[in-house]
Amino acid sequence: MKLIFLGPPNSGKGTYAKRIAERTKTTYISSSGLFRDAADRGMEFGKKAMEYINLGRPVPNEMAIGVLIERLNQPDCANGFIFDTPYNADQAKEIDKNEKTKIDVAINVTVPEEILIRRGASRVACKKCGTTYNLLTVPPKKEGVCDKCDGELYQREDDKKEKIIIRLEEYRIRAGPLEEYYKNTNRLEEVKWDKELIPEGGTDVPIEDMIKQVMDILERLKSFQIK
Ligand SMILES: [Zn+2]
């Protein structure tokens, strides 16, 4: 089974992708992880790609596509992989050109905007050590102070409401054509952050509920054996 995950920032798609890869004994590949590894090994293309990633910018297709396709053709991907995630429809189309890497299904994680905003608003990070806290579910012992290092807690720029709205807008512009592409080829499936699944006083749908939604889809598609 060859799978990709789509979803806005903070939808948890990377976490779900990793967990599903463990459950299905397939290889998990993240594009940023791929470039980070290459950069750590001192490879020039990796270092160049990280310059884009660190600025929050997309790695240009002419740099990214060759590297992605080479990675997805490695032996550990032969029994299936979970890739998180093609950046645009051009990348998706290139990956589909080869039978060995052609994607079977795209799982789209949808989260209501108000929930993403609430999650951001409840999250604070330590200025010194970077540890994050959720004020509703895992608050620090002392208000405004890090449990680990006594550093000051603050709300990250990316977690502010205005920033979340802008990032979602950017995401929609970028991901819209990607969703269309998989939808038009009958390969788009959806898992949802239903409000009813969020426990009282919490901000997140429990991971297990989301994993179950994905596993139900995979079972329905019956394209591989679930162990
Ligand atoms: Zn700290």
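**Confidence.** I began with the predictor's own scores: the mean pLDDT of the protein is 90, and 98% of its residues reach 70 or more. I keep in mind throughout that this is a predicted model. By element, I found the lowest confidence in helix α6 (residues 113-121), with a mean of 87, and the highest in β7, at 96.

**Sheet around β5.** I then looked up the strand pairing and found three strands in an open, antiparallel sheet, ordered β6-β5-β7. Its edges are β6 (132-134) and β7 (153-154), each of which pairs on one side only. Between β5 (residues 123-126) and β7 I noted two bridges in the antiparallel sense, and I noted also that C126 stands opposite L153 in β7.

**Largest nonpolar core.** Which residues touch the most other members of this core? I found F5, Y16, I107, V109 and V214, out of the 33 residues that make up the core. Several elements supply at least two residues each, among them β1 (2-6), α1 (13-24), β4 (105-110), α7 (161-184) and α8 (207-221), and β1 gives the most, with four residues.

**Helix α2.** Here I listed S31, L34 and F35 as buried. These three cover an arc of only 90° around the axis, which puts them on the same side of α2. On the face turned away from that buried side I found the exposed residues G33 and D40. The cover over the buried residues of α2 includes β2 (27-30), α3 (44-54) and α4. Just after α2, I noted that G42 takes a positive phi of about 80°.

**Helix α4.** The buried residues of α4 are A64, L68 and L72, and because they cover an arc of only 50° around the axis, they fall on the same side of α4. Which exposed residues does the face turned away from the buried side of α4 carry? I found E62, G66 and E70 there. Over the buried residues of α4, the cover includes α2, β3 and α5 (89-96).

Technical notes: Residues numbered from 1 in each chain as written. Predicted model: local features only at pLDDT ≥ 70, side-chain atom pairs only at ≥ 80, totals over all residues. Pairing = 2+ DSSP bridges. Core = buried A, V, L, I, M, F, W, Y, C linked by C-beta atoms within 7 Å. Buried ≥ 20, exposed ≤ 12 C-beta atoms within 10 Å, placed from the backbone. pLDDT = per-residue confidence, 0-100. Arc of directions from axis to C-beta. Contact = placed C-beta atoms within 7 Å.
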